[in-house]
Amino acid sequence: VQLQASGGGLVQAGGSLRLSCTASGRTFSNPVMGWFRQAPGKEREFVAGIRYSGGITSYADFVKGRFTISRDNAKNTVYLQMNSLKPEDTAVYYCAADRVFRGPKMRGDYWGQGTLVTVSS
């Protein structure tokens, strides 16, 4: 499975960005898709995940109400709409895929390359 993330960039605090991640190659059935992030000097942390059916999602507390995860299974793509961005959201955002939905305990069986999000104050 190859995961290609895009959509990062520089945005002012309060602004919005939408990240995309497309899966290709030999995918497995009904993959759970999600996003993690890693800020400088910090460990990678879970941001959001979505089950294949699209009806079940999970979010880290620090993004609830601001970020929305969605997916288009026909395009093998997952999105992360990020609104009301804060400087502390600055990080490299990674797309991940799992075989099983574990909610916030998503572990990332497969990883994409990161895309940098920088939020200026």
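Two strands are said to pair if DSSP finds at least two bridges between them. Strands themselves are DSSP runs of E with at least two residues, while helices are runs of H or I with at least four residues, and both are numbered from the N terminus.

The structure is a predicted model, in which local features need pLDDT of at least 70 and side-chain atom pairs count only at pLDDT 80 or more, whereas totals for chains, interfaces and linings use all residues. Residues are numbered from 1 along each chain as its sequence is written, and side-chain values use heavy atoms, with hydrogens and water left out.

The protein chain contains zero helices and ten strands. Its C-alpha atoms fill a box of roughly 40 × 25 × 25 Å along the principal axes. The radius of gyration is taken over C-alpha atoms, and the globule rule is 2.2 Å times the number of residues to the power 0.38. For 121 residues, a compact globule would have a value near 14 Å, and the 13 Å of the protein chain agrees with this. Buried residues (under 20% relative accessible area; exposed means over 50%, and partly exposed lies in between, with a 1.4 Å probe and protein chains only) make up 43% of the 121 residues.

The strands are arranged in sheets. Strands of a sheet pair through backbone hydrogen bonds, either parallel or antiparallel. Strand 7 is joined to strand 8 (residues 77-82) by six bridges, and the two run antiparallel. Across this pairing, Ser-70 has Tyr-79 in strand 8 as its bridge partner.

Strand 3 (residues 17-24) of this sheet holds Cys-21, which is buried, with a relative accessible area of 0%. Cys-21 and Ala-5 are 16 residues apart in sequence, and their C-alpha atoms are 4.1 Å apart in space. Contact means heavy atoms within 4.5 Å. Not counting residues up to four places away in sequence, Cys-21 touches several residues, among them Leu-3, Ala-5, Trp-35, Val-78 and Cys-95.

Another open sheet has six strands in the order 2-10-9-4-5-6, and its pairing is mixed. Strand 2 (9-12) and strand 6 (57-59) are at the edges, each with a single partner strand, so one side of each has no neighbour in the sheet. Strand 4 (residues 32-38) is mostly covered, since six of its seven residues are buried. Seven bridges connect strand 4 with strand 9 in the antiparallel sense, and Trp-35 stands opposite Cys-95 in strand 9. Strand 4 also runs antiparallel to strand 5, to which five bridges join it. The hairpin of strand 4 and strand 5 has six residues between the strands, and there Gly-41 takes a positive phi near 80°.

Strand 5 (residues 45-50) pairs in turn with strand 6 over three bridges, again in the antiparallel sense. Gly-49 has Ser-58 in strand 6 as its bridge partner. Ser-58 is buried, with a relative accessible area of 9%. Leaving aside neighbours within four places in sequence, the contacts of Ser-58 include Phe-46, Phe-101 and Pro-104.

Aromatic rings form a further group of features. Rings of Phe, Tyr and Trp (its six-membered ring) pair if their centres lie within 6.5 Å; planes under 30 degrees apart count as stacked, over 60 as edge-to-face and the rest as tilted. The structure holds three aromatic pairs. The ring centres of Tyr-94 and Trp-111 are 6.5 Å apart and their planes stand at 85°, so this pair is edge-to-face. Tyr-94 lies in strand 9 (residues 91-98) and Trp-111 in strand 10 (residues 110-120), so the pair ties together parts that are 17 residues apart in sequence. Tyr-94 counts as buried at 16% relative accessibility, whereas Trp-111 is partly exposed, at 33%. Together with Phe-36 and Phe-46, Tyr-94 and Trp-111 form one aromatic cluster.

A charge sits over a ring if NZ of Lys or CZ of Arg is within 6 Å of the ring centre and within 35 degrees of the ring normal. Arg-44 lies over the face of Tyr-94, at 3.9 Å from the ring centre. The charged end of Arg-44 also sits over the ring of Trp-111, 4.4 Å from its centre.
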